[in-house]
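Please look through the sequence and the model shown here before reading on.

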Amino acid sequence: PASVTLDAAFRTASFWSLNAAFILTTLAAITIGVHLIPYLIERGYDTGFAALAVGLIGLMQLPGRLLFVPLGGQLSRRTITVCLALMQSTALAALLLMDNLAGVLLFVALFGMANGMLTLARASLVVEFFGPAYYGSINGWVGFFTVLARAAAPLGAGLMFTLFNSYVPVLWTLIGASTGAAVCFYLAEIWWARRGATKVATMGG
């Protein structure tokens, strides 16, 4: 793809939509990483199992990353990113609504694989949208916004738990965030396609 400068990227709706999507998926990932153990203990699971579940999420990132490349050859970029965010949302819904061991295991598998693929998607999407020439500066800003999300996620979830004395509102918020990320990924593609069509029409005129 033709490279876009950092300043030009800032002026595109796609850049901000992508950032919103990455922020929302990061909020979910980091909140779960910090709060899953107390949530599972609250649900009656022992400490050892709760810690194992967190570890298995990390383990499931590996098959997710191995699947990312072949899926990229079969599905469009828009389809993959939207599905990954919805996969994260579905995993969180399983954790919240399936009050049994099967729900926890389904959550671990889906959430871990989605996280693994989303890590790769961030790097590849920046290049595919904006080209390689200014990748460092553009991805640096993307990383800056996600670092802010990483810092805010545990604190925000903790404050919400303190306010409601329950993790249920926290999980519903994360489900909404992941679903919102799917919308943001979709809009980023739509707006980028329209930008390209506008440039072609302008050149033709």
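**A walk through the predicted model**

N165 is exposed, with a relative accessible area of 60%, where exposed means over 50% relative accessible area, buried means under 20%, and partly exposed covers the range in between, as found with a 1.4 Å probe and protein chains only. This residue is found in the loop between α6 and α7, and its phi is near 55°, a positive value in a residue other than glycine. Helices here are DSSP runs of H or I with at least four residues, strands are runs of E with at least two, and both are numbered from the N terminus.

The model is a predicted one, in which local features need pLDDT of at least 70 and side-chain atom pairs count only at pLDDT 80 or more, while totals for chains, interfaces and linings use all residues. Residues are numbered from 1 along each chain as its sequence is written, and side-chain values use heavy atoms, with hydrogens and water left out.

In soluble globular proteins, nonpolar side chains tend to be buried together. The largest nonpolar core of this model has 31 residues, and those with the most contacts inside it are F15, L18, L84, L125, F129, F130 and F185; such a core is a set of buried Ala, Val, Leu, Ile, Met, Phe, Trp, Tyr and Cys residues joined through side-chain atoms within 4.5 Å. Two or more residues each are given to this core by α1 (6-10), α2 (13-42), α4 (77-97), α5 (101-130), α6 (135-164) and α7 (168-204), with the largest share, nine residues, coming from α5. L18 touches L125, F129, F130, F185 and A188, not counting residues up to four places away in sequence, a contact being heavy atoms within 4.5 Å. A second, separate core of 24 residues includes L36, A53, L95 and V104.

T26, in helix α2, is buried, with a relative accessible area of 14%, and, leaving aside residues up to four places away in sequence, T26 touches T146, A149 and R150. A94, in helix α4, is buried at a relative accessible area of 6%, and with the same exclusion of residues up to four places away in sequence, A94 touches G103 and L106. Between A94 and E189 there are 95 residues in sequence and 28 Å in space, C-alpha to C-alpha.

Back at the surface, L67, L71 and L75 form a nonpolar patch with about 220 Å² of accessible area together. L75 lies in the loop between α3 (47-74) and α4 and counts as partly exposed at 38% relative accessibility.

Side chains of opposite charge can pair when their charged atoms come close. The structure holds two salt bridges, each defined as a side-chain nitrogen of Lys or Arg within 4 Å of a carboxyl oxygen of Asp or Glu. In one of them D7 pairs with R11, the closest N and O atoms being 2.2 Å apart; D7 is partly exposed, with a relative accessible area of 48%, whereas R11 counts as exposed at 61% relative accessibility. R43 forms a salt bridge with D99, with the closest N and O atoms 2.8 Å apart. This pair links distant parts of the chain, since R43 is in the loop between α2 and α3 and D99 in the loop between α4 and α5, 56 residues apart. R43 counts as partly exposed at 25% relative accessibility, while D99 is exposed, with a relative accessible area of 57%.

Terms used. Patch = residues over 30% accessible without salt bridge, like charges linked within 9 Å, V, L, I, M, F, W, Y side chains within 5 Å. Areas by Shrake-Rupley, 256 points an atom, 1.4 Å probe, with all protein chains shown as cover.
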